[in-house]
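Trainee: I would like to go through this structure step by step. Please show it first.

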Amino acid sequence: MDDELDPLQRFLWNIWDYFILHIVPVTPTSMNNMGGMVWVGFSKVPKGVWKSLPYTMLTLVQTSIALPWALNYVEHFFRGLAHGHVGRYEC
């Protein structure tokens, strides 16, 4: 089989294949059971957690998207100033 995978990738795919086929067989009954377990898990979460979820998501967006973008913008701004300054005063 020539699928351009190196031996480690092929080994990991074989492990994943074995896990899916033999450890976690996906049948309609198993899907119903998993859905039921997820529903029970969500229903056991206290209401205070769900009320604070918007603030958690806002914090996540600020730290994962807005802050890196702003830091990148500021870094490019100062890098541009430094390059402009160096080019202007070269002897």
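**A salt bridge and its surroundings**

Mentor: Glu 75 has a relative accessible area of 42%, so Glu 75 is partly exposed. The classes are buried (under 20% relative accessible area), exposed (over 50%) and partly exposed in between, with a 1.4 Å probe and protein chains only. The model is predicted: local features need pLDDT of at least 70, side-chain atom pairs count only at pLDDT 80 or more, and totals for chains, interfaces and linings use all residues. Residues are numbered from 1 along each chain as its sequence is written, and side-chain values use heavy atoms, with hydrogens and water left out.

Trainee: Which side chain meets that of Glu 75 in a salt bridge?
Mentor: A salt bridge needs a side-chain nitrogen of Lys or Arg within 4 Å of a carboxyl oxygen of Asp or Glu. By this rule the count comes to one salt bridge. Its N to O distance is 2.6 Å, and the partner of Glu 75 is Arg 79.

Trainee: Why are Arg 79 and Glu 75 separated by about one helical turn?
Mentor: Helices are DSSP runs (H or I, at least four residues), strands are runs of E (at least two), and both are numbered from the N terminus. Arg 79 and Glu 75 are in helix H3, which covers residues 47–88. They are separated by about one helical turn because they are four residues apart.

Trainee: Is Arg 79 exposed, partly exposed or buried?
Mentor: The relative accessibility of Arg 79 is 37%. That value makes Arg 79 partly exposed.

Trainee: How many aromatic pairs does a search of the whole structure find?
Mentor: Rings of Phe, Tyr and Trp (its six-membered ring) pair if their centres lie within 6.5 Å; planes under 30 degrees apart count as stacked, over 60 as edge-to-face and the rest as tilted. With this rule, the search of the whole structure gives four.

Trainee: Is the pair of Trp 16 and Phe 19 stacked, tilted or edge-to-face?
Mentor: The two rings are 5.8 Å apart, centre to centre, with 25° between the planes. Trp 16 and Phe 19 both lie in helix H1, three residues apart. The pair they form is stacked.

Trainee: Why is the pair of Trp 69 and Tyr 73 stacked?
Mentor: The ring centres of Trp 69 and Tyr 73 are 5.7 Å apart. The pair is stacked because the planes lie at 15°.

Trainee: Is Trp 69 exposed or buried?
Mentor: Trp 69 is in helix H3, four residues from Tyr 73. Its relative accessibility is 60%, so Trp 69 counts as exposed.

Trainee: Which helix gives the most to the nonpolar patch?
Mentor: Such a patch joins nonpolar side chains (Val, Leu, Ile, Met, Phe, Trp, Tyr) within 5 Å, from residues with over 30% relative accessible area and no salt bridge. This one has an area of about 1000 Å², and its residues include Trp 13, Leu 21 and Met 31. With seven residues, the helix that gives the most is H1.

Trainee: Where does Pro 25 lie, and which residues does Pro 25 contact beyond four places in sequence?
Mentor: Pro 25 is in the loop between helix H1 (7–23) and helix H2 (28–43). Contact means heavy atoms within 4.5 Å. Leaving aside neighbours within four places in sequence, the contacts of Pro 25 are Ile 20 and Ser 30.

Methods: Patches are made of residues with over 30% relative accessible area and no salt bridge: like charges are joined within 9 Å, nonpolar side chains (Val, Leu, Ile, Met, Phe, Trp, Tyr) within 5 Å. Accessible areas come from the Shrake-Rupley method with a 1.4 Å probe; for residues, only the protein chains shown count as cover.
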